[in-house]
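Here is a short briefing for a reader meeting this structure for the first time. Please keep the sequence and the model side by side while reading.

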Amino acid sequence: ALSRAAPGDDVDLPSAVSEAYLGNVVAAGIGQAPCRQAVLGAGLPQSTICTTVNKVCASGMKAVMLSAQAIAGGSLPSGHAMVAGGMESMSQVPHYLPNSRSGTTLGNAQLVDGVVHDVRTDTAPRYYFRSFLMFICYFATYEHIFLLLHPKRASGIHITTSTWVCVQRNVRKTTISPVRTRTAIVLKATDAQWRQSNFATFRMR
């Protein structure tokens, strides 16, 4: 995707980009320096400054904010561009085997799901009383101060509808690149997430 991120055919992406910010939540199992991997994999030069941002769900958005601040602050060389975005593959997050380095003695050994442990479980309560999954926080917030979620629901409807329009008009066709799976190289022609959306779940109280 990064290799096809140029705004036009007349833009030489490798020579235009001087710095990259990419968000990534779970780096376990994907190798060192995820942003550097993406940049080099897209054919950008090794001189590109790379920063991986880890801010859970806001990783990609924070990457965009950092890039915008750098541009606004004048630190970007004239005529150059920055790369900002996020990347994740939850289906490839591994399971962990705690204490395996120190050795497992008598008894069973437990595998810890990396998605549940490092993505879906809220961090702060772990240091106070107990840990729980993030969606429990969501529903607790909804039940107590659901009015705050109304703008977010309206925004969700707008984003999903806009995505549907873009798919119908092939707006993003030029930005789609082949994806290598375990068995083959496939071309994801459309965004599949909007097809799974149920607007009934966006209703207001």
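The largest nonpolar core has 10 residues, namely Leu2, Leu13, Val17, Ala20, Leu22, Cys35, Val39, Ala42, Leu44 and Val83, where a nonpolar core is a set of buried Ala, Val, Leu, Ile, Met, Phe, Trp, Tyr and Cys residues joined through side-chain atoms within 4.5 Å, and buried means under 20% relative accessible area, exposed over 50%, and partly exposed in between (1.4 Å probe, protein chains only). This is a predicted model, in which local features need pLDDT of at least 70 and side-chain atom pairs count only at pLDDT 80 or more, while totals for chains, interfaces and linings use all residues. Residues are numbered from 1 along each chain as its sequence is written, and side-chain values use heavy atoms, with hydrogens and water left out.

- A second, separate core of 6 residues has Val53, Ala63, Leu76 and Met82 among them.

**Strand β1**
- Beyond its neighbours within four places in sequence, Val17 is in contact (heavy atoms within 4.5 Å) with Leu44, Thr48, Ala81 and Val83.
- Ser18 is found in strand β1 and counts as buried because its relative accessibility is 17%.

**Helix α3**
- Met61 lies in helix α3 (residues 59-72) and counts as exposed because its relative accessibility is 55%.

Methods:
Helix = DSSP H or I, 4+ residues; strand = E, 2+ residues; numbered from the N terminus.
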